[in-house]
Amino acid sequence: MKSYSKTLVIFDFCETLINFQTADRFIDFIIKNESYKKHKWVANLDSFLRKSKLLSLFNKFNKDYNLSKRLKLAQLKGISKEIVDRNALDYYESIIIKNPIREVYDKLKFHQENNDVIIIISGGYLPYVKVFSEKNNIDFYYATEFEYKDGLVTGNFSGKDCMNIQKIAVLEKCIKENNIDFNYSISYSDSITDLPLLKWTNEGYVISKDKTQNWSKENSLFEIII
C-alpha cells in the first residue's frame, strides 16, 4: 500500500474552493434539466415550512439533521443514477469550473506542485465533487452521498451527511485506510461548522468574504480575505 510522509492538506468545497453553496443548486439543476416534477409537493412543503418559520424552529433543536437539505434531495426520488452522473458532469462544466474562488484554487495548485497530499471533504454531493476531484487530480475526496436502490435515487443520504464533526470521522478513516504518513497538516474552510476540522490541523485557514470574522481570531486561526 502506498505510504506518504509529507504535508496533508484538507479543503472544504462550497464557498472555499467554489464560490457558492453547491448542494441544493445541484438538485435544482437536475430538476430543471430533466423537467422532473414528480415530487413537486416536497418543494411546496419545504416552502411552507420556511415561510411559517417551522423549519427554523426545527433546525434550532435538530442542528445536525438539516431538514431542508433532506427535503430538497427527496425531490429526486426515483431518478436514475445514470441521469445524476450525466448531470454531474454538465454541472461541473457549465457552472462549477466557472466559479472558483481564485485565491483558494491557486492554493490548491500550489500544494499540488509541492507534492502535498490533498483531500477534499465536502457537505456537497459526491457526483460532482467526484468529477471536480478527478479532473483536478485530487488524491482523495469525500462528500455526502445519494442513496440508490435498483439504480434509482431513494431520496435519502447514503450514510451520514458529510458535515460538522462527521468530517473528522471521514478524515481519520481516510488516513487509516490509505496509510497516510504525514508530518504536518493544513486545512481550508469558510464555515464555523468546520471549526473542529480547522483546529484538528496544524494550520487552519478561514476563507472570509470582504472582512475578518471574529470566530477566526478567537480560535487563533489564519485567514484569507477574498
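**View 1. The salt bridge between K69 and D161.** The side chains of K69 and D161 meet in a salt bridge with an N to O distance of 2.7 Å, where a salt bridge is a side-chain nitrogen of Lys or Arg within 4 Å of a carboxyl oxygen of Asp or Glu. K69 lies in helix α4 (residues 67-74) and D161 in the loop between β4 (152-158) and α8 (166-177), so the pair ties together parts that are 92 residues apart in sequence. Helices (H or I, at least four residues) and strands (E, at least two) are DSSP runs, numbered from the N terminus. Both K69 and D161 are buried, a label given under 20% relative accessible area, with exposed meaning over 50% and partly exposed in between (1.4 Å probe, protein chains only). The model is predicted, so that local features need pLDDT of at least 70 and side-chain atom pairs count only at pLDDT 80 or more, while totals for chains, interfaces and linings use all residues. Residues are numbered from 1 along each chain as its sequence is written, and side-chain values use heavy atoms, with hydrogens and water left out.

**View 2. The network of D12, K167 and D194.** The structure holds 10 salt bridges, and a network of them links D12, K167 and D194.

View 3. The side chains of K173 and E177 meet in a salt bridge of 3.9 Å, N to O. Both residues lie in helix α8, four residues apart, which is about one turn of the helix. K173 counts as exposed at 51% relative accessibility, whereas E177, at 45%, counts as partly exposed.

**View 4. The surroundings of S189.** S189, placed in strand β5 (residues 180-189), is buried, with a relative accessible area of 0%. Its side chain is joined to that of D194 by a polar contact of 2.6 Å, that is, a pair of N or O atoms within 3.5 Å of which, within protein, one must be able to donate a hydrogen and the other to accept it, residues adjacent in sequence counting only if both atoms are side-chain atoms. Not counting residues up to four places away in sequence, S189 touches D12, T16, D194, L198, Y205, V206 and I207, contact meaning heavy atoms within 4.5 Å.

View 5. S187 has G204 as its bridge partner in β6, and S208 stands opposite I225 in β7.

**View 6. The nonpolar cores.** The largest nonpolar core has 45 residues, and F13, Y128 and F132 have the most contacts inside it; such a core is a set of buried Ala, Val, Leu, Ile, Met, Phe, Trp, Tyr and Cys residues joined through side-chain atoms within 4.5 Å. Its largest share, six residues, comes from helix α1 (residues 23-34). Apart from this core lies another, of 14 residues, among them I10, V117, I175 and I180.

Definitions and conventions
Pairing = 2+ DSSP bridges.
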